[in-house]
Amino acid sequence: MSGYILSIAGIILLSAVVTMIAPSGRMGKFIRGITKLACLAVLIAPFTSFAEGKGFEFTPAVFQTDGDYMQTCAALAERGEAEKITVYLQEEFSVKAEVCVSCEGDSPFSVKKVAVEVKDFGINPPEAHIDIIGEIKRTLEKSYRCETEVV
């Protein structure tokens, strides 16, 4: 019941603010009409459950994330970060590498693991590749603050 009362108070406050800032012409009348309809929808929400035979109950809307959309966005973020790291390694260390990035499924898509497989070390003196691998690992760990694997 308290959720219902809070919803009524919220929609009335929102409609008051919208009414104050709405323009005075035809568009203002339209906007005020929409806010009145929103108020009416909140006021009659418990009556729909009563008509279904459930009694008077108010259940606020529950929003869920779309899992497929989040996975697609995470894959795009992973691909973008991998391309960015590949270009960085080419420019900074003159190495060609295959990069695989794993992101969390949360909304900011934070990087949780970076795996780099160096394919070509470019023109470097013998045994210098060991130092380059260590430097790449330190740089990526510092930048992404996550598990980093360089081979």
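Start by selecting Glu 98 and Glu 117: Glu 98 stands opposite Glu 117, which belongs to strand β2. Keep in mind that you're looking at a predicted model.

Now widen the selection to two whole strands, β1 (residues 96-103) and β2 (residues 111-120). They pair in the antiparallel sense, over 8 bridges. In a regular strand, side chains alternate between the two faces of the sheet. Show the side chains of β1: Ala 97, Val 99, Val 101 and Cys 103 make up the covered face, while Lys 96, Glu 98, Cys 100 and Ser 102 sit on the uncovered one.

Back to Glu 98, then. Which residue does its side chain meet in a salt bridge? Select Lys 119: the N to O distance is 3.8 Å. Lys 119 is in β2 and Glu 98 in β1, so this pair ties together parts 21 residues apart in sequence. Glu 98 is partly exposed, at 49% relative accessibility.

Next stop: Lys 113 and Glu 149, another salt bridge, with the closest N and O atoms 3.6 Å apart. Glu 149 lies in strand β3 (residues 147-150) and Lys 113 in β2, so here the parts tied together are 36 residues apart in sequence. Glu 149 is partly exposed at 36%, and so is Lys 113 at 27%.

Finish on helix α4 (residues 128-144), where Glu 141 and Lys 137 are 4 residues apart, about one helical turn. Their side chains meet in a salt bridge at 3.7 Å, N to O. The count of salt bridges comes to 6.

Notes. Residues are numbered from 1 along each chain as its sequence is written. This is a predicted model: local features need pLDDT of at least 70, side-chain atom pairs count only at pLDDT 80 or more; totals for chains, interfaces and linings use all residues. Side-chain values use heavy atoms; hydrogens and water are left out. Buried means under 20% relative accessible area, exposed over 50%, partly exposed in between (1.4 Å probe, protein chains only). Two strands pair if DSSP finds at least two bridges between them. A salt bridge is a side-chain nitrogen of Lys or Arg within 4 Å of a carboxyl oxygen of Asp or Glu.
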